[in-house]
Amino acid sequence: MLKRLTKQIDGAVVTAWDGVHAEVTSKAIAAGKPVFCEKLMTTTKTDCAEIVRNEQAAGRNLVQVGFMRRYAPDYCKIKAILDSGELGKPLMAHCISRTPRIAAGFTNAMQVTNVLIHEIDSSAGCSARSLSAVKCWRHATRSLQLTV
């Protein structure tokens with residue numbers, strides 16, 4: 001069905017459950033269609049590397065991963081302040097994610113890949129420099145803390 005549809009569509013938006021993002025994104029690339037994939041793009045490094053190779057082989061940028069938080073007004077204000085140099089060069093960011101309720105089946109890994117990943121992306125988006133390290137640890141209360 002997807003093969004037939006790719007002739008009729010201009011692009012793809014992938015918002016399915018994380019486990020099928022790589023497959024659907026790869027099929028869109030193979031069809032030469034631009035694709036907006038909600039984060040996580042993949043659940044493995046191998047799948048991620050394959051998507052990057054496939055996009056490079058296509059010879060043009062086709063994939064955008066959906067990290068929207070960096071465009072939220074408060075994050076834009078933070079970026080503007082950092083870009084102005086008013087506070088000097090950022091050396092470190094300390095981010096805490098507080099999830100009031102954790103759904104059944106929600107694992108520690110999912111806390112990183114589905115929630116805290118936004119803090120990593122936002123920190124990178126607010127900085128003119130690449131991130132050099134990310135550290136994440138779990139507190140006894142079951143919450144995870146990420147230092148970017």
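The structure is a predicted model.

**Stop 1: two helices in contact**

Begin by selecting helix H4, residues 73-84, together with helix H5, residues 108-126. The two helices pack at an angle of about 35 degrees, and their axes lie 9 Å apart. Which residues make the contact? On the side of H4, select Tyr75, Ile78, Lys79, Leu82 and Asp83. On the side of H5, select Glu119, Ser122, Gly125 and Cys126. Colouring this selection by class shows four nonpolar, two polar and three charged residues in the contact of H4 with H5.

**Stop 2: Ser122**

Keep H5 in view and select Ser122, which has its place in this helix. Is Ser122 buried or exposed? Its relative accessible area is 2%, so Ser122 counts as buried, since the cut-off for a buried residue is under 20%. Now display the surroundings of Ser122. Leaving aside residues up to four places away in sequence, Ser122 touches Arg69, Arg70 and Tyr75. Tyr75 also belongs to the H4 side of the helix contact visited at the previous stop.

**Stop 3: Arg69 and Glu119**

Select Arg69 next, together with Glu119. These two residues form a salt bridge, with their closest N and O atoms 3.0 Å apart. The pair links distant parts of the chain, 50 residues apart: Arg69 is in the loop between strand S3 (63-66) and H4, whereas Glu119 is in helix H5. Arg69 is partly exposed, at 31% relative accessibility, while Glu119 is buried, at 10%. Glu119 is also one of the residues that H5 gives to its contact with H4.

**Stop 4: salt bridges within helices**

Side chains of opposite charge can pair when their charged atoms come close. The count for this model comes to five salt bridges, and two further examples may be selected here.

- Select Lys77 and Asp74 in helix H4. They form a salt bridge whose closest N and O atoms are 3.8 Å apart. The two residues are three places apart in H4, so about one helical turn separates them. Lys77 is exposed, with a relative accessible area of 52%, and Asp74 counts as exposed at 52% relative accessibility.
- Move to helix H2, residues 21-30, and select Glu23 and Lys27. Their side chains meet in a salt bridge at 3.1 Å, N to O. Within H2 they lie four residues apart, about one turn of the helix. Glu23 is partly exposed, with a relative accessible area of 44%, and Lys27 is partly exposed at 40%.

**Stop 5: the second largest pocket**

Finally, turn to the second largest pocket, which has a volume of about 270 Å³. Which residues lie nearest its centre? Select Leu40, Met41, Thr42, Thr43 and Thr44, which hold that position among the 13 lining residues. Then display helix H3 (45-58) and H5, the elements that give two or more residues to the lining. H5 gives the most, with four residues. Coloured by class, the lining of this pocket has six nonpolar, five polar and two charged residues.

Terms used:
Residues are numbered from 1 along each chain as its sequence is written. This is a predicted model: local features need pLDDT of at least 70, side-chain atom pairs count only at pLDDT 80 or more; totals for chains, interfaces and linings use all residues. Side-chain values use heavy atoms; hydrogens and water are left out. Axes are lines fitted to C-alpha atoms, for helices over the stretch in contact, and angles run from 0 to 180 degrees between N-to-C directions. Contact means heavy atoms within 4.5 Å. Ala, Val, Leu, Ile, Met, Phe, Trp, Tyr, Cys and Pro count as nonpolar, Asp, Glu, Lys and Arg as charged, and the others, Gly among them, as polar. On a 1 Å grid over the protein atoms alone, a cavity is a set of points where a 1.4 Å probe fits but cannot get out, and a pocket is an open set with protein on both sides within 12 Å along at least five of seven lines; lining residues have an atom within 4 Å of a point. Grid points are joined across faces, edges and corners, and a volume is the space filled by probe spheres set on the points. Buried means under 20% relative accessible area, exposed over 50%, partly exposed in between (1.4 Å probe, protein chains only). A salt bridge is a side-chain nitrogen of Lys or Arg within 4 Å of a carboxyl oxygen of Asp or Glu.
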